[in-house]
Amino acid sequence: MNTVGTPLLWGGFAVVVVAMLALDLLWQGRAMTFKRAAWWSLVWVSLSMLFNAIFWWYLSLTQGRGVADTQALAFLTGYLIEKALAVDNVFVWLMLFNYFAIPPQMQRRVLVYGVLGAIVLRTLMIFGGSWLVTQFSWLLYIFGAFLLFTGIKMALAKEQASNLDNKPVVRWLRGHLRLTSELHGEHFFVRQNGLLYATPLMLVLILVELSDVIFAVDSIPAIFAVTTDPFIVLTSNLFAILGLRAMFFMLAGVAERFSLLKYGLALILVFIGIKMMIVDIIHIPIALSLGMVATILVGTLLINVWVNQRRVP
């Protein structure tokens, strides 16, 4: 697999990820207000941009300005795509917590394991995907068609309250796990009458991890439209994921105000899917891709704000 990643870059990235995880999981504490979550979200974005600036500086010294500009722009584009798609993931987490009535003070532990699980899962899938794309380049067309289909399906999906208890995976879990009828603090398992029981919190954790799998299947092919370099793909993915916990608490109280965001995300997936499918006919530069993604996101948010203001009596 061709990559700009050197042992120094990989090692430096690993140190940064471990340090950011320690900061996210240990220093932020349990209470997370909207204001604090917004502040931490800004911190994560700033750290990601700082990493990209250092990455650009290193490449400009070692491989030249042209390579540095291209790869840094690829990182920024991939990061923006992954950050945007992560919002949909957060909305699913909110839905799960609300449906199973998980109070805010018990959500922290699930989110910690959710973020850690997403990091491990993305790392494995990215290296596997990069290897497959290297060996079978025609897979990019399959990824493009899949993203096009997913985007159209997302745009046409009707908003409706879903009864999760009727979902096959939930029915299967309830049928194969001994579940308690109520929560037991932040415990995933408790022992009753000598038997080990899973709590509803464990059921939610499993569903959160499954949602990570589903969204990884969407988001990872999306960034392959920008670059197949595993270093760029992995770094942009993980930097987008590391701020998920703060993003969750920031959006928890305002999710209903972004009802149109799914259409923007759907349009992004459609654009990326088409870009991958016509790559041998029309090459869309990374800078243009970045501009399109940014324009769609900003445009969707502005339209959403306008619609919300129109609804206010």
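Me: A crossing is called left-handed when the near helix is turned anticlockwise from the far one by less than a right angle, and right-handed when the turn is clockwise. Is the crossing in which H5 passes H7 left-handed or right-handed?

Reply: The structure is a predicted model, in which local features need pLDDT of at least 70 and side-chain atom pairs count only at pLDDT 80 or more, while totals for chains, interfaces and linings use all residues. Residues are numbered from 1 along each chain as its sequence is written, and side-chain values use heavy atoms, with hydrogens and water left out. Helices (H or I, at least four residues) and strands (E, at least two) are DSSP runs numbered from the N terminus. By the rule above, the crossing of H5 past H7 is left-handed.

Me: At what angle do helix H5 and helix H7 pack?

Reply: Axes are lines fitted to C-alpha atoms, for helices over the stretch in contact, and angles between N-to-C directions run from 0 to 180 degrees. H5 covers residues 139-156 and H7 covers residues 200-224, with axes 9 Å apart and an angle of about 125 degrees. H5 is therefore oblique to H7, given that angles under 35 degrees count as roughly parallel, over 145 as roughly antiparallel, 65 to 115 as roughly perpendicular and the rest as oblique. The packing angle is about 125 degrees.

Me: How many salt bridges does the structure hold?

Reply: Side chains of opposite charge can pair when their charged atoms come close. A salt bridge is a side-chain nitrogen of Lys or Arg within 4 Å of a carboxyl oxygen of Asp or Glu. In this structure the number of salt bridges is two.

Me: With which residue does Asp69 form a salt bridge?

Reply: Both partners lie in helix H3 (residues 65-99), four residues apart, about one turn of the helix. Buried means under 20% relative accessible area, exposed over 50%, and partly exposed in between (1.4 Å probe, protein chains only). Asp69 is partly exposed at 35%, whereas Arg65 is exposed at 55%. With the closest N and O atoms 3.2 Å apart, the partner of Asp69 is Arg65.

Me: Are Arg122 and Glu82 buried or exposed?

Reply: These two side chains meet in a salt bridge with an N to O distance of 3.7 Å. The pair links distant parts of the chain, 40 residues apart, with Arg122 in helix H4 (residues 104-135) and Glu82 in helix H3. Both Arg122 and Glu82 are buried.

Me: Within what distance do the axes of helix H2 and H3 come?

Reply: H2 spans residues 34-62, and its axis crosses that of H3 at roughly 160 degrees, coming within 8 Å. H2 is therefore roughly antiparallel to H3. Their crossing is right-handed, and the axes come within 8 Å.

Me: How far apart are the axes of H3 and H4?

Reply: H3 and H4 pack at about 140 degrees, so the two are oblique to each other. H3 passes H4 in a right-handed crossing. The distance between their axes is 13 Å.

Me: Where is Ala101 found?

Reply: Most residues other than glycine have a negative phi, and most peptide bonds are trans. Ala101, although not a glycine, has a positive phi of about 55 degrees. Ala101 is exposed, at 55% relative accessible area, and its place is the loop between H3 and H4.

Me: Where is the place of Asn193?

Reply: Asn193 also has a positive phi of about 55 degrees and is not a glycine. Its relative accessible area is 79%, so Asn193 is exposed. Asn193 is in the loop between strand S1 (189-192) and strand S2 (195-198).
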